[in-house]
Amino acid sequence: MTGTTGPTRTQLLAQFATTRDEEIPESVRDYGKLVLLDSLVCGLAAVRLRRSRMVQQVAARFGGPAEATVFGLGQRVAAINAAHANADMMNALDADDTFFNSAHFAVFGVAAGLAEAERLHADGASLLRASIIAFEINARLNLSTSLMAFEDGQFRWSPLSSHGYASMGAAAACAVVGGWEPERLAHALGLVAWLAPPAKNSYMAERRSFNAFKYGPYGAIAHAGMLGAALAEEGYTGDLDVLDHTPGFIEAMGFLGGERHEMVAGLGSKWWISETSLKPYPTCRFTHAALDAIRAFPSTHGVPVSQIESMEIRLSPAAYRTLQFREPAPQIPDTVVAPLDGAFNMPYAAALALLGHAPGPQWYDPERLADPAVWDLARRITTAPDPVLDAEWEADLREHPGGQIRRTRGALTIRAGGREYVVESDFAQGDPWDDTTRADWDFVAGKLASFCDGILDAGAQEQLVEVVRGIDDVADVAETLSPLLARAR
């Protein structure tokens, strides 16, 4: 126990969820709109994946009252089932935002907030506020954990981990949309601590192929948040001190440790959503700085792709400690998990980028997975550790055990036409810490066009950008935003 007699951390987070629109800085609201749109793009882009068809069918099977939209499904279902399916799909391409190069959790607030806004016919301002507040709560819980560490100079992943903490953000999104008082949300958060998926011993870093959940059951996490909120709304009570015990909820998520004071530090003054990266590629964020450099290489140096003899890509310690990066598979079978395995196959992604294939779900089409030209080029690409990032990441994790790692950098050595080229870059497109890479409306609109080509028509794409950009003026999410989302097929 903390030994304090004031409000518990759970109660402080619940109080924070009553933050009004005018208390959120305009710059935060603007970036929150980009994160909201980006999350929707990720879900819409995934509607044709075989895994998405499965979760769509599960949503249809459980059905319920016609309350909310499921991406790619021609019927509305109960809000809790829509949130489950949509959260799953928004992460299916590994294209959703990435917080300090370690975690994805924006989609939980978006999935829950959207479903609840549709159910209640709430306005767009409440949806935006819900997704921002949910992000902030999840960011603080994330920063209170430690997924990565260095021991004796060697990087290590936590052998146990879970995104289950993000169920609390999903519950908070429901509370914000519903206009709850803090006490009810505090009970919902306490209930979520019982319902959230616990840690699993997956040894993700040692896998040669993923299962369908990859590194987290995104649908179940959103579902737990929705269920906790629904039970609290009916009068269930939860443990109000659940975040104050050691060992407690954070340890149940399986992490190496963390800094618990981060849970409530700077509430209302420090807005972490402004420091999450948006992703231009349907791959792990660890690949992106290299992919940016790779795409620019042929034109920058005047070297045709056909002349590339070999390429070495140096990776961050977190990436290189992951077997799929360290020993890339020489092929990716056309299975339900192909997009997950492809997201971590550096030679495959690099070959697609060099050959000029527009990023999106089409990177994992059967003909692309079997393309001899892609694999001929991929065989010339290898990975190696990056000593610069090893030192930088170790220093950062000593200072911030929860991880506040900003730089992944691209570092390549390319042999082409008998010459050797060393290519380096500091940040990746979509990183928020530099004006040259920070995402803007053109960035997300471009991603929408590339990822949703053939899935959502050009007119609907344009309208979607306009609606989210003006979300403050939307009187009813179910009447204005939802019909656009339902057009994705």
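The following conversation walks through some local features of this predicted model.

Trainee: What should I know about the model and its numbering before we start?
Mentor: Residues are numbered from 1 along each chain as its sequence is written, and side-chain values use heavy atoms, with hydrogens and water left out. This is a predicted model in which local features need pLDDT of at least 70 and side-chain atom pairs count only at pLDDT 80 or more, while totals for chains, interfaces and linings use all residues.

Trainee: Happy with that! How many aromatic pairs are there?
Mentor: Rings of Phe, Tyr and Trp (its six-membered ring) pair if their centres lie within 6.5 Å. By this rule, the count of aromatic pairs is 22.

Trainee: Are the rings of Phe105 and Phe135 stacked, edge-to-face or tilted?
Mentor: Planes under 30 degrees apart count as stacked, over 60 as edge-to-face and the rest as tilted. The centres of Phe105 and Phe135 are 4.9 Å apart and their planes stand at 50°, so this pair is tilted.

Trainee: Where in the chain do Phe105 and Phe135 sit, and how many residues apart are they?
Mentor: Helices (H or I, at least four residues) and strands (E, at least two) are DSSP runs, numbered from the N terminus. Phe105 is in the loop between strand E1 (98–99) and helix H5 (106–120), and Phe135 is in helix H6 (residues 124–143). The pair thus links distant parts of the chain, 30 residues apart.

Trainee: Are Phe105 and Phe135 buried or exposed?
Mentor: Buried means under 20% relative accessible area, exposed over 50%, and partly exposed in between (1.4 Å probe, protein chains only). On that scale, Phe105 and Phe135 are both buried.

Trainee: Which residues form one aromatic cluster with Phe105 and Phe135?
Mentor: The cluster has Phe, Tyr and Trp members. Besides Phe105 and Phe135, its members are Phe99, Phe100, Tyr165, Phe255, Trp272, Phe427 and Trp433.

Trainee: Which ring does the charged end of Arg438 sit over?
Mentor: A charge sits over a ring if NZ of Lys or CZ of Arg is within 6 Å of the ring centre and within 35 degrees of the ring normal. Arg140 gives one example, lying over the face of Phe16 at 5.9 Å from the ring centre. For Arg438 the distance to the centre is 4.4 Å, and the ring is that of Tyr31.

Trainee: Now the helices: at what angle do the axes of H11 and H15 cross?
Mentor: Axes are lines fitted to C-alpha atoms, for helices over the stretch in contact, and angles run from 0 to 180 degrees between N-to-C directions. The axes of helix H11 (residues 288–301) and helix H15 (residues 346–354) come within 8 Å. They cross at roughly 35°.

Trainee: Which residues make the contact, and how many of them are charged?
Mentor: Contact means heavy atoms within 4.5 Å. H11 brings Ala290, Leu291, Ile294, Arg295 and Pro298, while H15 brings Met346, Ala349, Ala350, Ala353 and Leu354. Ala, Val, Leu, Ile, Met, Phe, Trp, Tyr, Cys and Pro count as nonpolar, Asp, Glu, Lys and Arg as charged, and the others, Gly among them, as polar. The residues divide into nine nonpolar, no polar and, as charged, one.

Trainee: On to the backbone: which residues does a cis peptide bond join?
Mentor: Most residues other than glycine have a negative phi, and most peptide bonds are trans. Here the cis bond has an omega of about -5°, and Pro247 lies in the loop between helix H9 (218–233) and helix H10 (249–252). The bond joins Thr246 and Pro247.

Trainee: Asp152 has a positive phi; is Asp152 buried or exposed?
Mentor: Phi of Asp152 is near 55°, and its place is in the loop between strand E2 (148–151) and strand E3 (154–157). With a relative accessible area of 82%, Asp152 is exposed.

Trainee: And is Lys214 buried or exposed?
Mentor: Lys214 also has a positive phi, of about 55°, and lies in the loop between helix H8 (182–195) and H9. Its relative accessible area is 4%, so Lys214 is buried.

Trainee: Last one: which residues is Gly410 in contact with, leaving aside neighbours within four places in sequence?
Mentor: Gly410 lies in strand E7 (residues 410–416) and, at 0% relative accessibility, counts as buried. Its contacts are Ala289, Ala290, Val423, Glu424 and Ser425.
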